[in-house]
Amino acid sequence: MAAYHAVLVHFPIALLMTATLAILVRAVSDAPLARAVDRALVPLLAVGVLAGVVAYGVGLMVWPWETISATPLGRNHMLVATWTLAYWALLLATRWIIGEAIWEGVTRWVMAGLAILGSALLGITGTLGGHLVGIYTEVSEALRLLGWEVYTTYYVPDFTLAAILIAAIILTVMGILGRRRMAA
Amino acid sequence: MPRVKETVLHFETDEPVKEGGFSMKRALLYLAVAIFVGVLGLSWLTHGTGVIKNDIARNIFIPTELTMPLQVKAAYNGRDMFFRYRWPTRQPSIYHDMIKFEGGKWVRHGASVAGPEPEGIYEDRVTMLVDDGSVPEFARYGGYITVGDRMRFFTNEATAAEVRAHPYLGQKMKQTEVGKHLPATRLDISDWKSVVPEEQLAALRKAGYFLDLWHWRAHRSNPIGASDDQYIFEARYGDAGKGPFTDNWDSQKQQPKFMLDPDKTGRRALNWDDLMQHKLGFDDVYYISEDNSAPFDANYAWKTGDTIPRRFLQRGDGSHADIKVAGKARWKDGYWDVTLVRAMDTGNPADDKIMVDKRVYNVAFAVHRDTFGSRWHYVSLPVTLGLGRDAEMIAARFDGDAPKWDQAWTNVVLFYPGQVNWPLLNSAKHAGAKDIRAGVPVKSRHSEIQLAHYGVEMEFADAIKRQWLFTIGAGVLLILGFGIALNGLLGRKGA
């Protein structure tokens, strides 16, 4: 399955990186070309996320759970891949639901920032996958300089878990209240 | 409630707040982004904490430094083989295993413990495993192959009672702990008890299936210019003959067998306070040996704090005494400088790897420092040693009795290996197990620092795995929450 996974990951990487470019183009421009690019964004993101799901699923079959969950690099690859997929699904849903209004005012820059963050996650996922098959890049050195030794498992302590969960609840409440008030 | 009314209005119309020129919707959007990014930042700043902590009860102590350097040179003259080792340590540890008189009885201080010896009574050491190709896995995986199931000082170490009860290792070979051993000496590498039949052991040994172990100790051999000479096979043993030290303890009388000779040393015992203050150096009496001892005098008026070394240094003999210190091994300016010498052909091929000109060997090094003992050492990956042959480390041929040492050092990175054993590396818990079966060398896939980190994580495997799973889940929930916030706070198509 490793070979299939290696082939399949090219699709989400290519599609989502292209989507990043499209988002950045649309964020900085209201020109007809940028608007045309934006019209392709939802299908691009949808196919990218779908390809990501397939690559993720095949990736789960490369090693048994007992193996992948026991190695720091394997754990890190899984963690960032999961977050990356969830994150791009979020961007897809946001663009899909909000529509072209996403490019109004300052929110276009929020979208651009989120796309850059998504690209970073995608790049880290790919880097860690490369490590797992013995192909190394300087990205891991950059992460090391930023404070994460990729040969150690990325996990957070209990108090950070609590903070994340509280933040998730607050964000959810904010979103629900915002929606209700708009609907009112 | 005009203020509430105004807020609702802003949500509905996205009108700017009059006073600040800022819409409530936009403010909340910024707040949502700030919460999301802020929590991601918190995650980044706190990751990797909260799990790894020392736990002596579980034999867990993580050294502050995970790697250290070692410099090595080798030379030979056709008769003798020299190895010179140089490594940094803040201060030399030359005291080891003492018996202190306190409360009217003799009490042991400085036994092997998990982590650093609390009173600083534990010696520095350098060791070297040597093979001539008879143990092929050693060339690829080094000392990892010697670390088996339920080894001493692992969290799940076999108890002394279990080992003593083993018909071969305990009852016949008098072992009390599971020490280093080679894989083919077990029917099942995952079971330390499954020693192969004795006739098979004999055949393996005859075929050269053992690792030679050069073992220099700063207290238990260095003061008399000697080194221990051992080998690893189905356990770790000293070579045939008498080693450089023995116990100075009469278990029946619960007292030392020997004391310092007052006529030769001016005292009968060391002073405990001198040891604690590191007052005794290389030129002082800090050890007990055949040359400075007398039979213990139980009638002497011993006083609290009198201390006698529990290890008695002796001139070894036979194969056990093949390795000597060349010159004086000393610590100076932050570095140990130790040179060992042994006959290339000791005449003991059953215990030693005979060194032959133009041959390539595999060696691996380890250092104990900072009063760490047992498994708390820094180890190297295997290094090839060529005697006049191309290799990672080339031994220089010289004429005369002493090498000039004019060649460059071979720099070796040593690392803390943690609780990683050979059964684990060959199990489903190691993604590289397939590579091991295919004979892929460890160096082609792992660096020393990588292995050190893996070794540490293995000591907390279950806790880290649990925390990692929680982290994945929390991250997904955060992304979901952020998605809901975004979609609730942003205007939408047609709105």
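Let me begin with chain A, where the C-alpha centres of domain 1 and domain 2 lie 23 Å apart, and where the domain assignment, whose bounds come from an automatic or database source, gives domain 1 as 2-153 and domain 2 as 155-184. This is a predicted model, in which local features need pLDDT of at least 70 and side-chain atom pairs count only at pLDDT 80 or more, while totals for chains, interfaces and linings use all residues. Residues are numbered from 1 along each chain as its sequence is written, chains are lettered from A in the order in which they are written, and side-chain values use heavy atoms, with hydrogens and water left out.

Now to the interface. Chain A gives 68 residues and chain B gives 63 residues to the contact, which is defined as heavy atoms within 4.5 Å. Between them the two chains bury about 6,000 Å², with 71% of it on carbon and sulfur atoms; buried area here is the accessible area (1.4 Å probe) that two parts lose on being put together, summed over both. Of the area that chain A buries against chain B, 13% is supplied by A:Y155, A:L171 and A:M182, more than by any other three residues.

What about charged pairs across the interface of chain A and chain B: how many salt bridges does the rule find? There is one salt bridge, taking the term as a side-chain nitrogen of Lys or Arg within 4 Å of a carboxyl oxygen of Asp or Glu, and A:R75 forms it with B:E457, their closest N and O atoms being 3.1 Å apart.
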